[in-house]
Structure formats: structure tokens, C-alpha cells
Amino acid sequence: SRCRNPSRILAASGWPSLNNLPPADRLFADRIYLRDSLGTVIDAVAWGGTRHELPDRDLSLERIGPEPVNPGAANWTVCTAQGGSTPGCPNSVTATNEPAGAAGGLELIPPLLDRRSGPGAIHLRFVLTEPEVSWELLLFNLWGDLIRDFGGDSRGAGPRDLVWDGRDDQGEPAPPGAYIVWLETRSAVAGVARRLKSRLVLR
């Protein structure tokens, strides 16, 4: 007799590998995206070519912390565990962010804005310390497009508290996803004093 619920046997295959060589029209070969349970992209890293600082063969990657720790190394690094990285297990490499307010750290309150629950906003807080005299704050998406220019001032050292309501420079709602907040401070004598960045998520 014919089986009513036949099983299907599928051929096993390896995990897709990343391309190491970028095509002619861009500076990276592949992008790795991290999505939350709702499908919102909350982080990404470029791989291969000139847009990353990681070795590019036979390695496992890990996010080193909840937020990017500096502009150069982004938020990903090579796993140091002998067996590689395993989902659901503690990372082999971690990093601690500079506390907000200490030496002018950048603080986002809250770091996630969920517009499904109604209007809301994210406070962008930082402190300029001597000899810093001015600042500029920008918001980019993960593809490097400028979404919001918050401007800056030259009032010298002291706290700043800006508010972002989830809209771009044209006043339109920004699409759900992760965004990078970029802060640059300057001193009167040495020019650029510090560059800080942090990540926020919009739903």
C-alpha cells in the first residue's frame, strides 16, 4: 500500500560561506546582519575588502558588546575560543563601554524606541569636559547614509541633552532598524578632541 505521509530526505549541506573579494562597485564583499525577533535589523558588519579590520578566512565572528566601542573597530571581532562561536553561549571576547557622563561618554535613553506603543523619543546625552569647547552630532543608518544632523554649539564644557523623535531631516519617520549616533567634540587648541559613536534601534 502507498504511504499516506511519506518522509522527505533532504541532502545535508554546509553553512553558506562569506565572499572575501568585493565586486568592482563597492568596498566590501558581504554584509552580516543581526535581526531581532521582529525582523528589525539591529546591527551589521561589512566583510571582505577594505571596509573591515578583521582577518578574512576560516574564522568565527562575535559582537563584542551591546554598543560599538569605537569608530575604528565597529562592534565585531574574531572569536578566540578554540571551537569557534556558538549561538546561545557566552562570547569569548567582551568589551565594556565608557560610562555615560564620565569623560564625556555618550548615553542613549532609552537605546530602543518602539513606536508601536505610541509616540516616544530618545534622549541623546553627553558631557563636554575641559578643554572641549564645541560638538557636532550626526545620525546614520547602517549603510552610512546621513539620517539626521543635530548640529552643535560652541558654548564650552558642560552637559548636553538632545531629543530624537524618530524622524529624519525632512521630518519623515525613519524606517525601523539600527542607527549609529556619531559625536565629535573639539577643543580650541588641538582641533578634534574625541569621536564617539553608539547604536540605537528604532521599531
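Leu137 stands opposite Gly151 in strand 9. The model is predicted, with local features requiring pLDDT of at least 70 and side-chain atom pairs counted only at pLDDT 80 or more, while totals for chains, interfaces and linings use all residues. Residues are numbered from 1 along each chain as its sequence is written, and side-chain values use heavy atoms, leaving out hydrogens and water.

Strand 8 covers residues 132–141 and pairs with strand 9 in the antiparallel sense over 6 bridges. Two strands count as paired if DSSP finds at least two bridges between them. Strands themselves are DSSP runs (E, at least two residues), as helices are (H or I, at least four), and both are numbered from the N terminus. Strand 8 and strand 9 form a hairpin with 4 residues between them. In the turn, Gly144 has a positive phi of about 85°.

## Overall make-up

The protein has 0 helices and 12 strands. Along the sequence the pattern reads β-β-β-β-β-β-β-β-β-β-β-β. Of the 203 residues, 36% are buried. Buried means under 20% relative accessible area, exposed means over 50%, and partly exposed lies in between, using a 1.4 Å probe and protein chains only.

Among contacts in the protein with a separation of 6 or more, 50% come from residues 24 or more positions apart. A contact here means heavy atoms within 4.5 Å.

## Confidence

The mean pLDDT of the protein is 75, and 66% of the residues reach 70 or more. This value is the predictor's confidence in each residue, from 0 to 100. Confidence is highest in strand 9 (residues 146–153), at a mean of 93, and lowest in strand 4 (residues 76–78), at 68.

Over residues 69–73 the pLDDT is below 50, and this stretch has 10 contacts in the model beyond near neighbours in sequence. Residues 96–103 also have pLDDT below 50; beyond near neighbours in sequence, that stretch has 13 contacts in the model.

Strands of a sheet pair through backbone hydrogen bonds, either parallel or antiparallel. An open sheet of 3 strands has the order 5-7-10, and the pairing is antiparallel. Strand 5 (106–109) and strand 10 are the edge strands, each pairing on one side only. Neighbouring strands of this sheet are turned by 20° against each other on average, direction ignored. Axes for such angles are lines fitted to C-alpha atoms, for helices over the stretch in contact, and angles run from 0 to 180 degrees between N-to-C directions.

Strand 7 and strand 10 pair in the antiparallel sense over 7 bridges. The bridge partner of Leu124 is Leu162, in strand 10.

## Aromatic pairs

A pair of aromatic rings is described by the distance of the centres and the angle of the planes. The structure holds 2 aromatic pairs. Rings of Phe, Tyr and Trp (its six-membered ring) pair if their centres lie within 6.5 Å; planes under 30 degrees apart count as stacked, over 60 as edge-to-face and the rest as tilted. The ring centres of Phe126 and Trp135 are 5.1 Å apart and the planes stand at 70°, so this pair is edge-to-face. Phe126 and Trp135 are both buried.

The rings of Trp164 and Tyr179 are also edge-to-face, because their centres are 5.8 Å apart and their planes stand at 65°. Trp164 lies in strand 10 (residues 158–164) and Tyr179 in strand 11 (residues 177–187), so the pair ties together parts that are 15 residues apart in sequence. Trp164 is buried, with a relative accessible area of 0%, and Tyr179 counts as buried at 3% relative accessibility.

## Loops and cis peptide bonds

The loop between strand 6 (112–113) and strand 7 (122–128) contains Asp114. Asp114 is buried, with a relative accessible area of 19%. The side chains of Asp114 and Arg116 are joined by a polar contact of 2.6 Å. A polar contact is a pair of N or O atoms within 3.5 Å; within protein, one must be able to donate a hydrogen and the other to accept it, and residues adjacent in sequence count only if both atoms are side-chain atoms. Pro119 is found in the loop between strand 6 and strand 7 and counts as exposed at 91% relative accessibility.

A cis peptide bond joins Ile109 and Pro110, with omega about -15°. Pro110 is placed in the loop between strand 5 and strand 6. A cis peptide bond joins Glu130 and Pro131, with omega about 10°, and Pro131 is found in the loop between strand 7 and strand 8.
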